[in-house]
Amino acid sequence: MEIVVIISLVIGILLLNRPVTLLFQRLYNRHQFKRFISRETFYHSVISRHFRYYNRLNLEEQRKFLFRTYLFQHAKNFHYIEVQETAEMPILVSAAAVQLTFGLEKFKLNYFDDIFILRDDYHYGFYSRPFMGHVDQTGIYLSWDNFMKGISGQAANCNVGLHEMAHALAYVNFITQTEEDKHFKKEFPNFSKVARPIFTAMQQGEGRDGEGRAKNLLGDYAATNYHEFWAVAVEVFFESSVPFRHELPELYEAMACVLNQDPLNFISGSTTIIRRPEQEKKSKTSPAKELL
Ligand SMILES: [Zn+2]
């Protein structure tokens, strides 16, 4: 008899686990949305000053962008190393992650609880060259001066915020598998079908000293390994979309598919950069739910 009770309990817990989690998630989002409303203007003023990407979105998308940024920021612990903390910093760093994942359902990069902001280039491990940022099992690391250069467009093709978030996105989907986005995982093999041959051509050459290796706008650093290829391709996709689509049209298309967004859509007059039309919204869903 006891066994029957225990088995029923286990089955009950298993069956109820997902609906209960979803219910809590919905209640949490609703609660956070109320708090977000009072901060929305401030988030808008910070992000609209620095993110060209944000300024191209329509009003509904802008609100979704701000709310996601708010949720992302409040899901992380930010640490400041030799740099003076400001209220803008965690908002702008969170916005970089939100830009990358804007076409996806999962956007919190959940494995990472900690984000470290350092003043400028730093040394890490046994590497001799300085780092602008990196991602490892302890968190996401970014140097603030390089981050700001990236979002202000001062450095061509370079955006360390997007670069590190791209590593983090691959990390949570393929390494820890803690926050898998169905669309991203399904499309990534299709991205690789196009990307791998380009990457291999960049790595292999007949001559010594890199002679004969394929060169393209992604640059030599993208040929370091496939992780770097992915992160650099993300940077160039957003920072130099027009030359990217012109020079590597198939790779551009594959990137737009896997991220489910096309930054060039606004040029063709589309009202959204998101590719999949969102599901019909039900009138009963709460504003918080609709935004996500
Ligand atoms: Zn990298």
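At what angle do helix H4 and helix H5 pack, and how far apart are their axes? The first of these legends for a predicted model takes that up.

**View 1. Helix H4 packs against helix H5.** Here H4 (residues 59-74) and H5 (residues 88-100) meet at an angle of about 115°, and their axes are 8 Å apart. The crossing is right-handed. Look for Phe 65, Arg 68, Thr 69, Phe 72 and Gln 73 on the H4 side, with Pro 90, Ile 91, Ser 94, Ala 95, Ala 97, Val 98 and Gln 99 coming from H5. By type, the residues of this contact are seven nonpolar, four polar and one charged.

**View 2. Four strands form an open sheet with mixed pairing.** Follow the strands in the order E1-E2-E4-E3. E1 (77-81) and E3 are the edge strands with a single partner each, so one side of each has no neighbour in the sheet. On average, neighbouring strands are turned by 15° against each other, direction ignored.

**View 3. E1 runs parallel to its partner E2.** Five bridges join E1 to E2 (residues 114-118), and Ile 81 has Leu 118 as its bridge partner in E2. H5 packs on the sheet as well, touching E1, E2 and E4 (139-143), and its direction makes about 115° with that of E1.

**View 4. The second largest pocket has a volume of about 880 Å³.** Of its 33 lining residues, His 163, Glu 164, His 167, Tyr 221 and Glu 228 are the closest to the centre. Strand E3 (133-136), helix H7 (160-175) and helix H9 (226-239) each give two or more residues to the lining, and H7 gives the most, with eight. The lining divides into 20 nonpolar, eight polar and five charged residues.

Notes
Residues numbered from 1 in each chain as written. Predicted model: local features only at pLDDT ≥ 70, side-chain atom pairs only at ≥ 80, totals over all residues. Heavy atoms only, no water. Axes fitted to C-alpha atoms, helices over the stretch in contact; angles between N-to-C directions. Left-handed = near helix turned anticlockwise from the far one by under 90°. Contact = heavy atoms within 4.5 Å. Nonpolar A, V, L, I, M, F, W, Y, C, P; charged D, E, K, R; others polar. 1 Å grid on protein atoms, 1.4 Å probe; cavity = no way out; pocket = protein on both sides within 12 Å on 5 of 7 lines; lining within 4 Å. Points joined across faces, edges and corners; volume = space filled by probe spheres on them. Pairing = 2+ DSSP bridges.
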